[in-house]
Amino acid sequence: MFKDHYDQMRPGPTPERVLAICRLLIANPLTEEEIKDRIYLTKTPATKIGEEFRSSINAAMELGLISLKDNVYALSVAPSHIATVEAFRRIAASRAFANKKSTFFRVCQWYIGSNESVFYYLNWEDKAAAAVKSGIDKTDNNDMLGWRFWASFLGLGYIHGTELIPNMYVRVRDVLATDFSKKFDFDEEIPADQFFDWLLAKIPEAKMADGSINLALSSAIRTLRDMGELAPLSLMDAVPMYLYHLPEDPTNKISHIVVKKEVCR
Amino acid sequence: MNWLSASTTMEQRAIKTDVIASEDAYFMATHVPFANLEIQRGGSQLITGGSLHWNEEEVYQRLIYNPDNIHRMIIVRGNNGTGKSHLIRWLRARYENDKDQYDPSQEKIIFLRRLSNTIRGAIKQILDEDIVFDPDMRAKLEKFASSSHDMDAEKFKLNIYHQFIVALSSATDKTYSKGVRRDIAAFLSDPRIEQHMLRTGGPVDRCFNTITAPSDQVFNGESTTFTEEDFKLSRDIKRAIKNSGSDEAENILGEISDDEYVSKLVKYLNSFTPKVIQGCADISSESTKEVFLQLRRELKKQGKNLTIFIEDFTAFTGLDAELITVLAAEHGGENSDLCRVTSVIGITDRYYSLFRGNFTDRVQYQVFVNAGSYGSPEFLTEMTARYLNAIYCDPKKIEEWFDNGAQAKELPCSGYRPEFPWDTTIVEGKEFTLYPFNRQSILSLYEALSEDGNSTRGYEKTPRMFLLYVIKEQMSRFFDGKSFNQWNFPSEDCIFCPIFLKNAGHDSAIDGMNHLSEADRRRVKILLQFWGNGTASVDTDTIGAIHTKYFADIALSKFTGFGGSSIPDHESQGSSSGGNEGEEIVSEADKKRKKNLQDRISDINEWFTSGTTLNYSADYRKWMRDFLQESINWPSDGIPAYIASQRLNDPSAVYIEGQKETTIKEKAIVVLERTKESKDILAAIVYRYYAKSWGFKSGVYFQLRTISWLEKNKSRIVSAVTQGINYGSQNMVLKWCVAVEYLQAAFLGISIPHGDNLAIAQKLLTDKSSTTNKTSRASKNQAWEGAIRYLSAQAASYVDCHETFQESLRTFMGTDVSDKQRKIGFFRSRELLDVVSTYEQQGWHLAPADTGKQDTGVYKVATYMNNLLGKIQAATSQEDAIALSVIARLKNHLGEVTEDNIAKLLTSVSLMFNAFSANHRPVSGALLSAFNTDAQTTAKKVVDDYNALLKAINETDAVTKLTLYASDPIASLLKFVENLDSIDKLATATTANIQEEMTMLSGGKDIKNIKQCGIDTLKRAHDEIKKLEVPNNAN
């Protein structure tokens, strides 16, 4: 799921399942058999165990959340990282987007970098074909079906039908809530270029080759604004940054940004 | 430009309230030539494909100008407001001003206008034309023309009514027999009927109005004096006639319940209207004809011919038949004393259809003024330009032009131009401004005069309505703005279609512009929709294809549109116009789909702007539920997908204010009030549904609106879905589910392997709906058995609870929890194990749940759990009582319940059985079998059972007590006690038998010793048993 390209992104290991496996290991390490007994809550014959089990364990391993030693699986992160779904999302995101060579990262980068073009592809198969065309070879329909669950979970957008509405509100909010205060102060004006330099380092999947701010990130900024968690400013005589142009929206040009404490709610 | 003066010119000269009454100069200045008039020979109905197409000049040259003196009756047909009068008025003016072809010494022109739309007005014009030569006749007509002024209206009306009765009584036709006519006359003469017919708005009132209606009344149809409604009488009137009316009146009263009878009567009475009017004027039909015959004779004598223009023939009601007869009489032959007549008569299509018989054989030509004559963009644009020019022009110039012959080419041009480029059109070779209209607005406002389809909202799309309700209406508002800075221009008062921009995103964004007043936002929208291209896109010098300065010109400078003009090209990144154009997708899909989309968008706009009920709310609510189910990452918010699915599958989950369906607002998960935000959300899901994608035009804007709305409302939605329950670790629903499974197992006697959390979890997760417990317990505990029967009766509740338990723990891929293919037994087991662990640590002390009176959704589980808990007390109390009784009986046999005592007793029983056997005494096989056990083992089991019962009896926790009793521990102890009772009975009975036998055998010496031996043995055994038994009074 999160290995270097090409790595199959199966639909079976959903975030919920990976978290379920991680949580089983909070109390004590378990063998695969013990995990299986607990996950299925019945003595399930090996033939009836689907790919979702093994691939969920693999995904958890790939994210560095669990480890295997002497045929026993153990939790590799502090239990607090999986105590809540939100904490799990944040740790998973930090791991999932760390490997820029992974199929997952590359597809994320392609999808949100494609802006509105993604709406040309009305089903996941067409989206996979477009990803292949863009250079992410071997990506198929099944990969996209698996990818969407994680992309949506990690906060890149909102699934509706066969589309993922690109809006990184959840992803950006997570980063602002956890890391922003390490570098900046809340409720202070920050030059937009500094802000985006910092932010894009935290969310590398959103970085565009031409330096533009893509639709998913622009929508995130606008949603943060609508939520009262961020205030985009356009001050005179300041170097502006341009969001993805949306004529109907008042925020297209930004010189400064104020991130409000409310983002941590 | 002096806007106040222009406004006055419009009101007093160019566009008077009575359009027909405009001055000749302005009439000529504003007249738009008819370029395409449909012409048909003869007076019969229009034959499709059998007509000619001429312009108005050709009509004039070929039909009006009549140098060969050919008799011609020409009718100009068309509906109200289409321009018949305009054409007739122009033809007359054209002829009068035709210096080359018109010779007043040879031709008399009479023009009878539609003044007042009344017969009085018509007669006044006849008098004014000085064509009534008979002094008596003139006197009578003059009296009539002025009488309705002077005469008391009530008297006049009474006269009209009596004239009807007189006309009816003196009729000689055969429509009705004389007797029936007499009855009808008597009926009409009844004072109650007279009062009814003289009521305001009644038949007499209508006839009176035909004669004397005020001049500003637009005549919308032909005289219809009586109607069927007039004969729908109230109960009081009917009762009064029955009680005190004449027999004749009562006869008719009996007939008028028949619709056909009434229809015939109405038609019959209406046929007297002309005669009644003549009667009121005290003139006869013959004398009326004579007026016009005398005129023709007189003209003939003078060597003249007659051309008569009648704007609206319907005004001649009462004289119409006579007039037609006279005008139809061809000169020459028998009528050699009459002059030639060319008559041009305007009639509506309806009048023609009613009185076709008068025209069919008499008319030479019909000229049709219909949509083909005036509906073209060119016609409407020129019409607008001419009126605007007349309004802007100095009135003196117009008058001068008219006085100089009103030559079209010489028509003065106002020369007015706004200070920015604006639409113009060429009229008579000159460039006329269309300001403040433009081409686009002229056509679109004309189209918006009425709704499509059969709706009765709005006005007929005719030149008259266009003039009054587009040009005059908008210009009045425009002048108010310019003169008094009170801006209500453009006005939406005469727009009968939804105000909504083609670019839905722009439409929505304008609604959000709080720096504009609501009225100004509305003006902007009307402007962009009707003047512009339906968008607010900024381009060089324009917004929505309308010049930017125009916005400032009408006090809308605060509106700056939407566009990327401030963005340097090299930095502009994409735009919302990218992606799939929603409308293109729709149009490619099919027309029906597009219409459905438009219907729904209009529905939403009407709902928002006019407060109407949503016609398609069932669709919106369904699509909204789908969106919520899919777009919220429920597991990410810690909510089992199953729970979300269950809650959002309920159609009442979404409530929209003004929805068509009846659902309870308070029970809804999402409530959309009638707000701009809701409008946007609804529009978004509708566009998305029909485009099958979020890539429709303005899709990015709507995505943003929708996602921001979603995030703002997410916590509320989540709370409503979860019914306020936190689905985190140790969540209540899971606890309730586990409790239900645990209690279900207890009542059904399924043992729970305490001490092994995983095993407990597995056991609990097992479906127990197929497990049946025997309803009768050894204890005959009726309360317990009642609980078992309750479980059976509530099987469905358990199934629901179990499904909630299992499915809310299951992991899903996506939100489609109904997809069995993806239904894998992959559980979030940690949560279950944690709950089991907690309960184990707490000794399964289950307390009733506080449901807060909620009984829907997951609270059903709590309710069921509470019900089960409610069964425990009765069941266990009764079980306690039974257990105590069994223990008492046991102690009765044993004294103290110890393994030793039991073992001794069992040994004695064994000895007794041996004695019985030796003495051939029978013992039942069952009893032998019951005691054919290892004494120590049995003793231990009895003590264990005894202790188990004591433990259960002494347990204070109800649930624990239930589980202690669950395996029915009373049963085995009770059996043991019952077996002891049997032994006791057997011993007693056998002793009695032996003593009886001994008595019988006391005479026999030989067997005496044998008998004594047996008795001794049995006695010893019996004594042993007796020793072990606790005396009845021991306790």
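Modeller: Let us begin with the surface: accessible areas come from the Shrake-Rupley method with a 1.4 Å probe. The model is a predicted one, and in it chain B exposes about 45,800 Å².

Colleague: What makes Thr425(B) a buried residue?

Modeller: The relative accessible area of Thr425(B) is 11%. Buried means under 20%, so Thr425(B), at 11%, is called buried. Across chain B, buried residues make up 52% of the 1035 residues.

Colleague: Where in chain B does Thr425(B) lie, and which residues does Thr425(B) touch?

Modeller: Thr425(B) belongs to strand S8 of chain B, residues 424-427. Leaving aside residues up to four places away in sequence, Thr425(B) touches Thr381(B), Ala385(B), Lys430(B), Glu431(B), Phe432(B), Leu434(B) and Arg439(B).

Colleague: Why is the pairing of the side chains of Thr425(B) and Arg439(B) called a polar contact?

Modeller: The distance between these side chains is 3.4 Å. The cut-off for a pair of N or O atoms is 3.5 Å, and the pair of Thr425(B) and Arg439(B), at 3.4 Å, therefore meets the distance limit.

Colleague: What makes the meeting of Arg23(A) and Glu831(B) a salt bridge?

Modeller: The N to O distance between their side chains is 3.9 Å. The rule asks for a side-chain nitrogen of Lys or Arg within 4 Å of a carboxyl oxygen of Asp or Glu, so Arg23(A) and Glu831(B) qualify. Between chain B and chain A the count is two salt bridges. The interface also has 18 residue pairs in polar contact, both residues at pLDDT 80 or more.

Colleague: Which elements of chain B supply the side that touches chain A?

Modeller: Those giving two or more residues are helices H24 (504-511), H29 (617-631), H32 (699-722), H34 (757-765) and H37 (829-842) of chain B. H32(B) provides the largest share, nine residues. By class, this side of chain B has 22 nonpolar, 27 polar and eleven charged residues.

Colleague: How is the size of such an interface expressed?

Modeller: Interface size is often given as the accessible area lost when the parts come together. For chain B and chain A, the buried area is about 5,200 Å², and carbon and sulfur atoms give 61% of this area. The contact takes 60 residues from chain B and 56 residues from chain A.

Note on methods: Residues numbered from 1 in each chain as written. Chains lettered and ligands numbered in written order. Predicted model: local features only at pLDDT ≥ 70, side-chain atom pairs only at ≥ 80, totals over all residues. Heavy atoms only, no water. Contact = heavy atoms within 4.5 Å. Buried area = accessible area lost by both parts, 1.4 Å probe. Polar contact = N/O pair within 3.5 Å; in protein donor to acceptor, adjacent residues only side chain to side chain. Helix = DSSP H or I, 4+ residues; strand = E, 2+ residues; numbered from the N terminus. Nonpolar A, V, L, I, M, F, W, Y, C, P; charged D, E, K, R; others polar. Buried < 20%, exposed > 50% of the residue type's maximum accessible area, 1.4 Å probe, protein only.
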